[in-house]
Amino acid sequence: MKGGGKCPPLADIRQVAIAWLGGVFAIAVVAWLADASHLPLVLGSFGASCVLLFGFPDSPFSQPRNVIAGHFLASLTGLVFLALFGAHWWSMALATGTAIALMQLTGTVHPPAGSNPVIVMLSAPAWKFLLTPTLIGAVVLVMMAVVFNNLPKERTYPKYWI
């Protein structure tokens, strides 16, 4: 029967604590910067990005190239489909599938970014959505991951930049 393998072991409590603290730290900084600057810097998919950045920092999906370019491409795709076709169930579906394909073709897959076209279609933002919250927010998250993930001696982040 397919899928009959064993589940992977649970993370040890130290890894859980590091991931928890990293997620708290990163979202706190992004949210504080949003409050202080009065700019929209928080994107719903950033919570899922924190799962990868702090819970699985060695994953290819967690590397700066993937986080920043994946979010950018997915939001751009959503905005293009919104501008061309409007917000409909079918344009949302096409934008999401296209974002997945573009991330795969460019080697910038970041699974949380797959929700960006859906967010775009539901909120119908202006083109500045690419800069704030998408690009600036993703860069801030990566900067937090660089600082935080290099504090413990046994961790090195990122594994690669480009």
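A search of the whole structure finds two salt bridges, a salt bridge being a side-chain nitrogen of Lys or Arg within 4 Å of a carboxyl oxygen of Asp or Glu. The model is predicted: local features need pLDDT of at least 70, side-chain atom pairs count only at pLDDT 80 or more, and totals for chains, interfaces and linings use all residues. Residues are numbered from 1 along each chain as its sequence is written, and side-chain values use heavy atoms, with hydrogens and water left out.

Select Arg14 and Glu154. Their closest N and O atoms are 2.5 Å apart. Arg14 sits in helix 1 (residues 13-37) and Glu154 in the segment after helix 6 (131-149), 140 residues apart; helices are DSSP runs of H or I, at least four residues, numbered from the N terminus. Arg14 is partly exposed at 46% relative accessibility, whereas Glu154 is exposed at 53% (buried is under 20% relative accessible area, exposed over 50%, partly exposed in between, with a 1.4 Å probe and protein chains only).

Next, select Lys159 and Asp58, a salt bridge at 3.4 Å, N to O. Lys159 lies in the segment after helix 6 and Asp58 in the loop between helix 2 (46-55) and helix 3, so the pair ties together parts 101 residues apart in sequence.

Move to His110, in the loop between helix 4 (89-106) and helix 5 (116-123). His110 is buried, at 0% relative accessible area. Beyond neighbours within four places in sequence, its contacts include Ser49, Phe61, His71 and Met103; contact means heavy atoms within 4.5 Å.

Finally, select Phe81 and Phe85, four residues apart in helix 3 (residues 64-85). Phe81 is buried at 14% relative accessibility, while Phe85 is partly exposed at 37%.

Note on methods:
Helix = DSSP H or I, 4+ residues; strand = E, 2+ residues; numbered from the N terminus.
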